[in-house]
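Here is a short briefing on one protein model. Please look over the sequence and the fold before reading on.

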Amino acid sequence: VTDIINATLASTEGLVQAGHFTVEHDVEPGLPPVSGDLVALSQCLQNLVTNALKYGRDQRWMRICASLAEQDGRREIQIAVSDRGIGIAPREIARIFEPFYRSPSVTAAQIRGTGLGLSLARRIAEAMNGRVTVTSEPDQGSTFTIHLPCAEHTVIMRADLPSHTATPHG
């Protein structure tokens with residue numbers, strides 16, 4: 001999880017600096033790994049970070065945090081990206097993950113975008129047995145959270161052991 005967050009922060013560093021944003025991040029120590037593709041998960045998180053930068057308005061603040069939680073009897077990692085920007089109207093929440101959907105208020109404010117970032121983020125998370133959720137309030141900001149199952153029982157084959165022997169990877 002730390003690798004995903006660090007890769008995302010590195011890839012968006014120029015945007016953060018250009019926008020003069022303050023970025024807080026808080027990663028709970030000792031988080032178990034998640035199963036998935038580092039590049040794809042970084043892209044998912046990058047979409048949420050660039051949205052926070054884009055819709056963060058003059059507040060110029062963003063927070064990324066990662067923690068362990070239990071959801072429906074299973075352990076999951078939650079990576080949340082928060083901003084204090086324009087927020088999302090309750091009537092639009094259900095549509096923001098639709099491909100090409102752009103809120104009328106976003107269009108009126110002439111904020112650029114294709115309407116594909118959130119759709120892509122959701123599809124990436126779902127492909128890895130996860131999901132993306134959002135909480136938001138107009139003019140107060142938004143928090144998008146990626147929920148990923150822990151990879152607590154991942155098995156890696158070691159080349160120096162007979163092929164029928166596996167060692168657990170924690």
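The model is predicted, so local features need pLDDT of at least 70 and side-chain atom pairs count only at pLDDT 80 or more, while totals for chains, interfaces and linings use all residues. Residues are numbered from 1 along each chain as its sequence is written, and side-chain values use heavy atoms, with hydrogens and water left out.

**α1 against α3**

- Helix α1 covers residues 2-11. Its axis and that of α3 are 9 Å apart, at an angle of about 55°. Axes are lines fitted to C-alpha atoms, for helices over the stretch in contact, and angles run from 0 to 180 degrees between N-to-C directions.
- The crossing of α1 past α3 is right-handed. Right-handed means that the near helix is turned clockwise from the far one by less than a right angle, and left-handed means anticlockwise.
- On the α1 side, the contact uses D3, I4, I5, A7, T8 and S11. On the α3 side, L38, L41, S42, L45, Q46 and V49 take part. Contact means heavy atoms within 4.5 Å.
- Seven of these contact residues are nonpolar, four are polar and one is charged. Ala, Val, Leu, Ile, Met, Phe, Trp, Tyr, Cys and Pro count as nonpolar, Asp, Glu, Lys and Arg as charged, and the others, Gly among them, as polar.

**L45 in α3**

- L45 lies in helix α3. L45 is buried, with a relative accessible area of 1%. Buried means under 20% relative accessible area, exposed over 50%, and partly exposed in between (1.4 Å probe, protein chains only).
- L45 and I4 are 41 residues apart in sequence, yet their C-alpha atoms are 7.9 Å apart in space.
- Beyond its neighbours within four places in sequence, L45 is in contact with I4, I5, T8, I79, V81 and I146.

**α3 against α6**

- The axes of α3 and α6 come within 9 Å and cross at roughly 145°. This crossing is left-handed.
- From α3, residues A40, L41, Q43, C44, N47, L48 and N51 meet α6. Their partners in α6 are G117, L118, L120, A121 and I124.
- This contact has eight nonpolar residues, four polar and no charged.
- Helix α6 spans residues 117-127, and L118, S119, A121, I124 and A125 in α6 are buried. Their cover includes α3 (38-55), β4 (131-137) and β5.

**T145 in β5**

- T145 sits in strand β5, residues 141-149. T145 counts as buried, at 11% relative accessibility.
- T145 and Q78 are 67 residues apart in sequence and 6.3 Å apart in space, C-alpha to C-alpha.
- Leaving aside neighbours within four places in sequence, T145 is in contact with Q78, I79, A80, R131, V132 and T133.

**Loop residues**

- Most residues other than glycine have a negative phi.
- H20 is not a glycine, but has a positive phi of about 55°. H20 is in the loop between α2 (13-18) and β1 (22-27). At 62% relative accessibility, H20 counts as exposed.
- N129 is not a glycine either, and has a positive phi of about 60°. N129 is in the loop between α6 and β4. N129 is exposed, with a relative accessible area of 57%.
- E28 is in the loop between β1 and α3. E28 is partly exposed, at a relative accessible area of 32%.
- E28 and A66 are 38 residues apart in sequence, with 6.0 Å from C-alpha to C-alpha. Leaving aside neighbours within four places in sequence, E28 is in contact with A66, S67 and L68.

**Whole protein**

- The protein has six helices and seven strands. Helices (H or I, at least four residues) and strands (E, at least two) are DSSP runs, numbered from the N terminus.
- From the N terminus, the order is α-α-β-α-β-β-α-α-α-β-β-β-β.
- Buried residues make up 41% of the 170 residues.
- Of the contacts between residues at least 6 apart in sequence, 65% join residues at least 24 apart.
- The protein exposes about 9,600 Å², with carbon and sulfur atoms supplying 51% of it. Accessible areas come from the Shrake-Rupley method with a 1.4 Å probe, and for residues only the protein chains shown count as cover.
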